[in-house]
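Dear colleague,

Please find below the structure that I am handing over to you.

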Amino acid sequence: MVDSQFDTAVAAYESSMEEMPFREHVEAYSFLNAVGEVAGRNVLDLGCGSGLYARRLRRAGAARAVGMDESAAMVEHARRREEREGLGVEYLAANAADPTAGELPDIAGSFDVVTAVYVLPYAPSQDALQGFCVTARRALRATGGRFVAAVLNPEFSTDPQWYRGYGMLLSSQQSPEEGTPGHLRAWVGPEVLDLDFFRWSTAAHEQALEAAGFDGVSWIRPTVSDEGRARYGDAFWANYLDCPHALIIDAHASPEAVPDSPTHPAEDTSATPHQ
């Protein structure tokens, strides 16, 4: 395993749902609604981090929940928590940007749904972006399935203060080039997270998904839970809903759409995806 920018972020990610209201009341609410019913289904969570969503999907009734992450520290933490809680979630240390991750034993063709929260924005190249999508498609059953991913909004606000009220600052170079670097600074209680990401257009996402074997892609805007509206008020959420920093992709795969291999294998996968 390579070193990851997320290796030192375990504690902050574990507490971020409580410390950052938008994570629970917008992100989780919208994402889990998009995933829908998982009872009795097998679900793979790419870039699972400390296991936040893998645990929630298992508690929602997933017959099998597996988390995959490149960060050894994240996977180790998730496994220790699993030992304490005994939910039956499996964790695997692997780089999902490498399409061969989708061919691993007990992964290939084993899942009804693949999920990913803030994974694709950490693809440092178009090959890596496609690699994530190929891994997702190979992990789905040959009969088809869905890949539901929360991704960076290609049109997120470049106003450096736009998301400050939600505990984060996003900045990026002003360039039309695909994969333009950007930076996220987030305040999680007393901790500060500094993470590098890459900007990909709507077209780049859809091309990577199509090349990986997905033949239907929908984009979903996030919404706020009733609890979030009641607790913080509509005015608090106005900026975020007007221009959210993340959108949700719901990609469907038909039975025949299984790629043999990507056109170009992922080479630069130094950035670690994770939630």
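Is Y118 buried or exposed? Y118 is buried, since its relative accessible area is 13% (buried means under 20%, exposed over 50% and partly exposed in between, with a 1.4 Å probe and protein chains only).

The model is a predicted one, in which local features need pLDDT of at least 70 and side-chain atom pairs count only at pLDDT 80 or more, while totals for chains, interfaces and linings use all residues. Residues are numbered from 1 along each chain as its sequence is written, and side-chain values use heavy atoms, with hydrogens and water left out.

Y118 lies in the loop between β4 and α5 (126-139) (helices are DSSP runs of H or I with at least four residues, strands runs of E with at least two, numbered from the N terminus). Its phi is positive, near 55 degrees, although Y118 is a residue other than glycine. Most residues other than glycine have a negative phi.

D106 also has a positive phi, of about 70 degrees, and is not a glycine. This residue is found in the loop between β3 (89-93) and β4 (113-117). With 57% relative accessibility, D106 counts as exposed.

D45 belongs to strand β1 (residues 42-46). Its side chain and that of T115 are joined by a polar contact of 2.7 Å (a pair of N or O atoms within 3.5 Å; within protein, one must be able to donate a hydrogen and the other to accept it, and residues adjacent in sequence count only if both atoms are side-chain atoms).

Yours sincerely
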